[in-house]
Amino acid sequence: MKLGFIDYYIDEWHANNYPAWMKAACEKFGVAYEVAYAWAEKEVSPFDGRTTDEWCAAFGVQKCETIEELCEKSDVIVVLAYALVLAPSDPETHLGYAEKVLKYGKRTYIDKTFAPDYETAKKIFALGEEYHAPFFSSSALRYSAALADVHAPKCV
């Protein structure tokens, strides 16, 4: 299965670490997934100035010129969150990416923080339903002891 990475800047912590983690998990569980494609909205990373082309060369990944090209070629799509430490810096981009990605109906992972607010999250879920696109989001922060006393709001 070919995975495609979409990110605001591709050279960031998640994109730099997910490929090795995914490879290790695939070997452990005997499945065949590989990060094969990447597209970034911004060409140059603010972390170290590395370009999308340089990142792709370092990870053996093919750069796609458009999100649409990536979606057509990929079996599974990963929308990453450019993050400084554990605080995502660009969740406002996820709705626009979801509008382009979910219409392909492919399995999609939208990294945390999935949406900047509840209304945007509802729109993304509606897109998933409309296009029958299975997707999920997750965050290791859900295991944080610092959040143990926080109670989730009741959803309507």
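Me: Why is Glu119 called partly exposed?
Reply: In this predicted model, Glu119 has a relative accessibility of 46%. Buried would need a value under 20% and exposed a value over 50%, so at 46% Glu119 counts as partly exposed.

Me: What makes Lys122 and Glu119 a salt bridge?
Reply: The side chains of Lys122 and Glu119 are 3.3 Å apart, N to O. The cut-off is within 4 Å for a Lys or Arg side-chain nitrogen and a carboxyl oxygen of Asp or Glu, so the pair qualifies. Lys122, at 40% relative accessibility, is also partly exposed.

Me: Where do Lys122 and Glu119 lie in the chain?
Reply: Both are in helix α5, residues 118-130. They are 3 residues apart, which is about one turn of the helix.

Me: How many salt bridges does a search of the whole structure find?
Reply: The search gives 6 salt bridges. One of them joins Asp11 and Arg50, whose closest N and O atoms are 2.9 Å apart. This pair links distant parts of the chain: Asp11 sits in the loop between β1 (2-7) and α1, Arg50 in the loop between β2 (34-40) and α2 (52-59), and 39 residues separate them.

Me: Which residues are linked with Glu43 in a network of salt bridges?
Reply: The network consists of Glu43, Asp53 and Lys63.

Me: Why is Thr52 called buried?
Reply: Thr52 has a relative accessibility of 1%. That is under 20%, so Thr52 is buried. Thr52 is placed in helix α2. Its contacts, leaving aside neighbours within four places in sequence, are Ile10, Ala40, Lys42, Glu43 and Lys63.

Me: How many aromatic pairs are there, and why is the pair of Tyr8 and Tyr9 given its type?
Reply: The count comes to 8 aromatic pairs. For Tyr8 and Tyr9 the ring centres are 5.0 Å apart and the planes stand at 85°. The centres are within 6.5 Å and the angle is over 60 degrees, so the pair is edge-to-face. Tyr8 and Tyr9 are both buried.

Me: What makes the pair of Tyr18 and Tyr109 tilted?
Reply: For Tyr18 and Tyr109 the distance is 6.4 Å centre to centre, and the planes make an angle of 50°. The distance is within 6.5 Å, and because stacked needs an angle under 30 degrees and edge-to-face one over 60, the pair counts as tilted. Tyr18 lies in helix α1 (residues 13-29) and Tyr109 in strand β7 (residues 107-110), so the pair ties together parts that are 91 residues apart in sequence. Both residues are buried. Trp13, Tyr18, Trp21 and Tyr109 form one aromatic cluster.

Me: What makes a group of residues a nonpolar core, and how many residues has the largest one?
Reply: Its members must be buried nonpolar residues joined through side-chain atoms within 4.5 Å. The largest such core has 24 residues. Among those with the most contacts inside this core are Ile6, Ile67 and Tyr97. At least two residues of this core come from each of β2, α3 (67-73), β4 (76-79), α4 (94-101) and α5. Helix α4 gives the most, with 4 residues.

Me: Which residues does Ile6 touch?
Reply: Not counting residues up to four places away in sequence, Ile6 touches Trp39, Ile67, Leu70, Ile77, Val78, Val79, Leu80, Tyr97 and Val101.

Me: Which residues does the second core include?
Reply: The second core is separate and has 15 residues, including Ile10, Ala40, Trp55 and Leu80.

Me: How many helices and strands does the protein chain have?
Reply: The protein chain has 5 helices and 8 strands. Of its 156 residues, 42% are buried.

Methods. Residues numbered from 1 in each chain as written. Predicted model: local features only at pLDDT ≥ 70, side-chain atom pairs only at ≥ 80, totals over all residues. Heavy atoms only, no water. Phe/Tyr/Trp six-rings, centres within 6.5 Å; stacked < 30°, edge-to-face > 60°. Buried < 20%, exposed > 50% of the residue type's maximum accessible area, 1.4 Å probe, protein only. Contact = heavy atoms within 4.5 Å.
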